[in-house]
Amino acid sequence: NNSNSFGPFCNKLKMMKSAKISLLSIAIACAKSQEPCGDERCADDDVTDYYATSSHYDKLFGNGNMGFGYYPHLERSGLSGHSGAGSTSIVLDFSQASTKLTERIMSIASIQPGDRVLDLGSGKGLACMEIARATGAQCTGVDFTPENVEKANAVSKERYPELNVRFFVGSFTDLPAEVLVDGPHNIIVSRVALCHAHSNIHEFFEQVKKALKPRTGRAIINDFLGGDGPPSETT
């Protein structure tokens, strides 16, 4: 299905309360019908416009959640690549799974009070705020879409004025000077954002090296890679 014909159907389907179809199926369909570009060479303004106008993230995944999630129950069947590691049969909803992914990142990175955390591709700032609330760390978010950054700063100031969080407009292949000056950062996290910059993956990691604390810094990157062709040797 091409996006021009499938988009209107997707919008109608999201409004059908009686539709006998799972939210996951709707989410996948809508994401495919509204994705910003078909390959990694798409223009930066296409990505910005896409995230500035998309409303399906809030409708399907919960307010402020622009990523995906971690589902512990899948580990029980080995579907996550960690066969036998899971210990629950509870299936989380999208919002719960998003929070669980952030919690898993915090655990893997061993984020401590006072740590400086940098979130690359921070969206509307939900993960950054969750990290700061749970750990007492300072969290800085960088996102390419001005509307996302405006929303993140507004929400954090209104709801969580006690948190040490702030958000900047910028690219994670060319970090804003104020972000680099504020470093080095103990931890860098990125959730489902690097997929927009596969052609610039080397620039991405050069920026990570600039912003990350030498020797003890940790970078935790959550993303998905896929395509019809063979895996890229680069990624």
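1. Let's start with a helix pair: α5 and α6 are oblique to each other (oblique is what remains once angles under 35 degrees are called roughly parallel, over 145 roughly antiparallel and 65 to 115 roughly perpendicular). The axes of α5 (residues 94–109) and α6 (residues 126–135) cross at roughly 55° and come within 10 Å. Axes here are lines fitted to C-alpha atoms over the stretch in contact, with angles from 0 to 180 degrees between N-to-C directions. The crossing is right-handed, that is, the near helix is turned clockwise from the far one by less than a right angle.

2. Before going on, a word on the model. This is a predicted model, where local features need pLDDT of at least 70 and side-chain atom pairs count only at pLDDT 80 or more, while totals for chains, interfaces and linings use all residues. Residues are numbered from 1 along each chain as its sequence is written, and side-chain values use heavy atoms, leaving out hydrogens and water.

3. Who touches whom in that pair? From α5 come Ser98, Thr99, Thr102 and Met106, and they meet Leu126, Ala127, Glu130, Ile131, Ala134 and Thr135 of α6 (contact means heavy atoms within 4.5 Å).

4. For the overall layout, the chain has 9 helices and 5 strands (DSSP runs numbered from the N terminus: helices are H or I with at least four residues, strands are E with at least two). Along the sequence they read α-α-α-α-α-β-α-β-α-β-α-β-α-β. Of the 235 residues, 43% count as buried (buried is under 20% relative accessible area, exposed over 50%, partly exposed in between, with a 1.4 Å probe and protein chains only).

5. Now have a look at the peptide bond from Gly183 to Pro184: it is cis, with omega near 0°. Pro184 lies in the loop between α8 (177–181) and β4 (187–191). Most peptide bonds are trans, and most residues other than glycine have a negative phi.

6. Which residues have a positive phi without being glycine? Val192 is one, with phi near 50°, and Arg215 is another, at about 75°. Val192 sits in the loop between β4 and α9 (201–211) and is buried at 12% relative accessibility. Arg215, in the loop between α9 and β5 (218–222), is exposed, with a relative accessible area of 86%.

7. Last, Phe144: this residue is in the loop between β2 (138–143) and α7 (146–159) and is partly exposed at 31%. Its C-alpha atom is 9.4 Å from that of Leu120, which is 24 residues away along the chain.
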